Amino acid sequence: MGLMEDYHPLKGKMFQILKPDGTLQPGGKPPLTDQETLALYQKMVFIRLADQRALSLQRQGRFGTYAPIWGQEACQVGSTYPLQKGDWVFPAFREIGAALMMGISLKNFYLYWMGNEMGSRAPEGINMMPVSVPVGSQTLHAVGAAWAAKIKGDKIVTIAYFGDGATSKGDFHEAMNFAGVFKTPTIFFCQNNQFAISVPRSLQTASKTIAQKAIAYGFDGIQVDGNDLFAVIMATKEAVEKARSGAGPTLIEGVTYRFGPHTTADDPTKYRKEEEIEPWKPLDPLVRLRLYLKGRGLWNEEVETRITEEAQKEIDQTVKEAEAVPTPEVEEIFKYVFAEMTPPLKEQLEYLKSTL
Amino acid sequence: MAEGDRTMAKLNMVEAINLALREEMERDNRAVILGEDVGKEGGVFRVTDGLQAKFGADRVIDTPLAEAGIVGSAFGMAVYGLRPIAEIQFEGFLYPCLDQINNHIGRIRNRSRGRFTCPLVIRLPYGGGIHAPEHHSDSPEAILAHIPGIKVVIPSTPYEAKGLLFSAIRDPDPVIFFEPKRIYRAIREEVPEGDYTIPLGKARLVQEGKDVTMVVWGAMVREALNAAEQLKADKIEAEIIDLRTISPIDSETIVTSIRKTGRGVIVHEAPKTCGLGAEIIALINEKALLSLQAPIERVTGFDIPVPLMKTEHYYLPNPKRIILAVKRVMSF
């Protein structure tokens with residue numbers, strides 16, 4: 001039996017390899033070597049610190065409204081890890097982890113949230129779309145791109161990120177249906193972080209799991225512990241291989257928790273009590289990986305200090321570089337609207353310049 | 001403070017709308033509120049704060065995250081006999097609702113020859129100027145005004161918001177109620193408790209002036225007032241008309257003013273092409289062409305997506321651009 005059969009959503013089991021105490025499930029086998037695990041742990045620490053810096057910059061007025069990843073690092077690092085060059089990523093708006101894993105620079109990432117669209121320009125060769133704010137809309141794009149690859153005979157896969165809230169959108173259901181009908185090489189990765197702003201998962205859908213929605217569309221779904229890096233990697237790896245081999249889409253529900261606010265504009269104390277967060281704290285993806293690495297003799301306080309200091313230094317430097325980028329010239333907001341600036345736009349730009 | 005036996009309080013627009021919703025929910029038990037985060041959280045801008053606690057989760061409903069679902073269900077509720085007040089969290093999330101608005105909400109009365117009607121309100125914060133993320137700064141009012149069977153209302157002050165919202169909820173037809181989020185908390189004024197309505201389809205003369213007519217709505221009223229104040233130094237007296245309702249438009253008030261001043265400047269945040277400014281100019285041409293001393297000027301956003309915060313200031317109409325336009329029409 002394969003993973004997808006073993007964890008068929010209607011069996012009511014969540015796939016987990018690494019338990020919260022840092023030990024492996026009976027029979028559980030890590031998909032990584034020790035060194036690979038340490039490297040990904042380091043990446044997750046970096047992501048968390050870069051995310052926290054974004055939050056603090058926003059509070060100081062140096063950043064726009066920001067949607068933090070805090071708590072969802074394993075979902076994003078684990079699900080991008082099995083991707084290969086040429087694969088495409090369609091994020092929502094909380095994907096600092098996926099972005100950095102795909103090779104988007106932190107400077108670019110920061111630039112965008114500082115209010116400069118140039119930050120949305122992915123470097124050549126990195127197939128990651130800009131942030132998608134209209135919830136769930138990007139799921140269809142991931143299907144379309146995968147479909148195009150299939151038509152062209154390219155052996156690539158696409159992955160769409162979205163949250164539990166997005167599963168209520170028509171776009172999501174249309175995307176799932178198209179993917180099922182046309183067997184597109186698409187991975188639907190739902191980061192079920194339990195909240196769509198203030199609305200809890202229980203009010204979002206009457207389905208017992210999000211994973212089970214895949215069944216209605218005729219393809220595999222699996223619920224994984226989204227705070228378990230190993231489980232996320234294993235499930236995504238299987239989905240990616242399946243998609244690449246022509247066997248169609250998969251829906252992965254990563255069960256995780258949004259430790260932070262929805263965005264910096266949100267005050268979660270209005271709808272979430274501190275006690276509700278408590279049970280999730282020991283499930284933190286970084287805590288569990290740290291315990292595992294400690295058990296393998298690869299982690300101690302010194303390692304943590306070194307990793308943290310290195311990360312903070314790089315983040316300091318990046319903030320400096322991003323803030324040193326000058327405010328874009330006025331032409332910038334006109335020149336990318338079309339391949340060639342249209343006469344009305346030229347006229348409007350000239351007028352605007354004359355008023356500055 | 002009191003005016004007669006009414007209690008008056010200085011409220012901002014968020015508080016004024018909240019008060020209107022609360023009073024209307026008390027008055028009319030058919031009124032229900034539905035939307036994303038409107039219940040427990042009280043809305044992302046706190047417009048529905050405290051209402052779920054007061055009226056219960058059956059009347060102030062946190063829906064799943066689906067704008068077309070919210071508006072399509074509101075249609076069903078309205079047809080059945082409720083008075084739904086739907087909230088779309090930001091104007092950028094309105095677009096999935098256009099199918100329901102254009103194809104059903106705006107035409108059910110006409111299609112059923114009056115048998116079925118759809119008295120609902122869709123409230124939505126709109127417009128730029130708050131350094132918001134992408135898709136949180138659009139001004140799509142002209143898109144809605146272009147749809148038959150839909151009324152479109154845009155308040156410009158807290159007092160106006162309360163009176164217009166009462167009228168919108170009680171209107172027998174569907175109303176889109178755009179709330180200029182930039183001035184949600186920027187203006188405080190006395191707003192009475194209790195009932196008063198401001199009729200839909202009637203513009204407001206904000207200030208009289210003999211030289212030039214400014215036609216504005218929403219957050220641009222404040223910009224126009226600012227520009228008009230500065231223009232006094234040049235001995236230019238601007239008349240300011242706050243449209244309040246952009247569909248149906250109050251052409252009479254506009255035309256009366258243009259006949260007096262002979263000059264006009266229209267200001268809107270929305271892109272220039274096919275913006276409401278073009279419609280207003282056409283109305284003036286139809287009804288008051290011979291009164292014109294100069295071509296009407298438009299001060300608008302541009303035909304580009306609203307930029308993010310680093311460059312948003314380039315986009316938004318401001319008093320400086322309004323003054324330049326006024327001087328051009330004055331010196332034509």
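Reader: Why are α6(A) and α7(A) roughly parallel to each other?
Author: Angles under 35 degrees count as roughly parallel, over 145 as roughly antiparallel, 65 to 115 as roughly perpendicular and the rest as oblique. Angles run from 0 to 180 degrees between N-to-C directions, with axes fitted to C-alpha atoms over the stretch in contact. Helix α6 (residues 137-152) and helix α7 (residues 170-182) of chain A are therefore roughly parallel, packing at an angle of about 20°.

Reader: What kind of model is this?
Author: Residues count from 1 along each chain's written sequence, while chains are lettered from A and ligands numbered from 1 in written order. Local features need pLDDT of at least 70, side-chain atom pairs count only at pLDDT 80 or more, and totals for chains, interfaces and linings use all residues, since this is a predicted model.

Reader: How many residues of the contact of α6(A) with α7(A) are charged?
Author: The contact (C-beta atoms, placed from the backbone, within 7 Å) includes A:W147 of α6(A) and A:F178 of α7(A). Asp, Glu, Lys and Arg count as charged. Beside 8 nonpolar and 2 polar residues, the charged ones number 2.

Reader: How many residues of strand β8 of chain B are buried?
Author: Buried means 20 or more other C-beta atoms within 10 Å, with C-beta atoms placed from the backbone. B:V175, B:F177 and B:E179 point one way and B:I176, B:F178 and B:P180 the other, all buried. The count is 6 of 6.

Reader: Which residue in β8(B) is the bridge partner of B:V152?
Author: Strands pair if DSSP finds at least two bridges. Strand β7 of chain B runs parallel to β8(B), with 3 bridges. The partner of B:V152 is B:I176.

How values were computed
Helix = DSSP H or I, 4+ residues; strand = E, 2+ residues; numbered from the N terminus. Contact = placed C-beta atoms within 7 Å. Buried ≥ 20, exposed ≤ 12 C-beta atoms within 10 Å, placed from the backbone.
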